[in-house]
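Subject: Structure handover

Hello,

Here is the structure for your files. My notes on what was found in it follow below.

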Amino acid sequence: MDFRFSAEDEAFRKTVRDFFTDEYPADLLAKIKNGQQVTKADYQRSERAYNDKGWVAVNWPQEYGGTGWTPTQKYIFDDELERAGALSVVPMGLLYVAPVIYTFGSEEQKKRWLPDILASRTFWGQGYSEPEAGSDLASLQCKAVRDGDDYIVTGTKIWTSLGHYADWLFCLVRTSNTGKKQEGISFLCMDAKTPGITVYPITTIDGTQYLNRIEFDDVRVPAENLIGEEGMGWTYSKYLLSNERTSYAHIAGKWADIARLKEIATTIQSGNRTLLDEPAFAQKLAKVEVDLTALEFMVLRTLSAVSAGETPGGASSALKILATENAQAITELFLEANGSNALPFFPDRNAADWHEGLDIPAYAAPTTAAYFFNRAQTIYGGATEVQKNIISKQVLGVS
Ligand SMILES: Cc1cc2nc3c(=O)[nH]c(=O)nc-3n(C[C@H](O)[C@H](O)[C@H](O)COP(=O)(O)OP(=O)(O)OC[C@H]3O[C@@H](n4cnc5c(N)ncnc54)[C@H](O)[C@@H]3O)c2cc1C
């Protein structure tokens with residue numbers, strides 16, 4: 001197994017790095033670094049910067065505007081993006097629904113939705129989870145009843161990431177209650193402004209509005225918005241879930257966090273030495289670095305396998321768990337390093353000067369919010385316990 005990058009890949013890396021230095025909006029990088037709340041306009045500006053280079057749809061086939069990059073090039077792009085501290089693309093449109101549209105949608109649907117997703121003219125939200133259907137998603141109850149040329153949709157979706165920004169929603173809806181519960185699920189796209197759709201914000205423990213609950217009250221949706229066949233939504237959604245990025249582990253971002261953590265630890269006095277030299281802290285930091293190194297090699301090994309035409313299988317579940325634990329350990333160390341400076345908690349991070357006037361260093365201000373937000377990684381993208389179930393079945397062969 002060869003972990004080295006080829007000369008072509010290194011040249012590609014330089015091109016991407018130059019883009020982030022010279023062309024990506026510098027004010028956006030500064031805003032992110034400042035810990036400010038990112039808006040819909042920010043996400044769209046970032047995606048348009050990628051699209052101007054033809055780099056926004058990394059996984060799409062080239063006939064629809066995809067990059068044609070190899071798995072290694074995709075990895076390098078994400079690596080450089082995180083090194084620069086730039087925004088990743090919002091996954092709901094470009095990574096989740098678009099592949100379903102170009103794989104299972106009609107020609108009419110492709111023409112109608114793909115160009116707007118590519119140009120970041122529309123923002124999409126993912127309506128899968130419900131109050132009583134999360135890990136056991138096939139139990140979903142939001143129903144769509146056929147009425148002439150329309151469906152009438154009634155029910156509740158919850159935990160919809162950035163649903164308050166959404167122009168369009170793609171939802172799993174129940175069109176039948178007979179047979180296996182997976183067989184009665186269909187994949188329906190809806191204009192988020194359709195009468196009867198109401199978005200309610202959910203403020204999370206980090207003080208932000210990222211999540212939402214969406215109520216559907218007799219919403220009339222044209223049947224032409226159904227993707228593929230009625231009752232095939234479960235199959236399409238499984239295809240969607242397999243379109244995860246190779247860089248879910250966010251390796252470069254984590255190394256950048258560790259470098260910043262070390263910088264902070266050298267400025268903090270602990271007795272007659274700095275925190276960085278304090279044995280208990282140094283030991284925890286070393287463990288995080290060792291774990292991240294192991295994670296990085298696991299990602300590279302997976303990448304090598306994908307490049308050779310293999311599928312990651314249960315390895316992606318192991319990656320998800322290790323990446324989550326490592327991210328959370330890093331935010332815990334930030335909390336420990338910043339000590340009482342991390343205690344003030346500032347929910348409103350909209351203004352550029354949101355942490356000014358406070359008697360703490362600017363770098364300490366986002367610590368607590370980041371710590372809280374990272375708790376959610378255990379749950380989203382497939383809960384840790386569910387990933388362990390997959391590993392036990394697919395990797396260990398436990399039935
Ligand atoms: C930040 C964030 C963003 C999200 N964004 C979206 C979004 O955009 N769209 C969307 O549709 N959903 C979204 N979700 C929802 C997410 O997919 C669900 O939270 C997730 O599927 C878990 O479902 P649940 O919350 O109902 O928890 P439950 O499924 O009720 O799980 C509760 C606990 O039980 C455990 N558990 C469940 N089943 C098993 C089992 N079989 N064996 C062992 N343990 C089990 C879980 O691991 C968990 O610890 C988001 C969630 C978060 C936190």
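Buried area here means the accessible area (1.4 Å probe) that two parts lose on being put together, summed over both. This is a predicted model, in which local features need pLDDT of at least 70 and side-chain atom pairs count only at pLDDT 80 or more, while totals for chains, interfaces and linings use all residues. Residues are numbered from 1 along each chain as its sequence is written, and side-chain values use heavy atoms, with hydrogens and water left out.

Domains

The chain is divided into domain 1 (7–89), domain 2 (124–232) and domain 3 (251–395); the bounds come from an automatic or database domain assignment. The centres of domain 1 and domain 3, taken over C-alpha atoms, are 22 Å apart.

Domain 1 against domain 3

About 1,100 Å² is buried between domain 1 and domain 3, with 50% of that area given by carbon and sulfur atoms. On the domain 1 side, N34, Q37 and Y75 supply 43% of the area buried against domain 3, more than any other three residues. Contact (heavy atoms within 4.5 Å) links ten residues of domain 1 with 15 residues of domain 3. The number of salt bridges between the two domains is zero, counting a side-chain nitrogen of Lys or Arg within 4 Å of a carboxyl oxygen of Asp or Glu.

Ligand

The shell around the ligand has 15 residues, where near means a heavy atom within 4 Å. Those that come nearest are S129, S135, W159, S161 and E385. Domain 2 and domain 3 both give residues to this shell, so the ligand lies between them.

- Q126: a backbone N or O atom lies 2.8 Å from a ligand nitrogen atom.
- Y128: a polar backbone atom is 3.0 Å from a ligand oxygen atom.
- N389: a side-chain N or O atom is 3.1 Å from a ligand nitrogen atom.

On its own the ligand has 980 Å² of accessible area (Shrake-Rupley method, 1.4 Å probe), and the protein covers 66% of that.

Regards

Note on methods. Polar contact = N/O pair within 3.5 Å; in protein donor to acceptor, adjacent residues only side chain to side chain.
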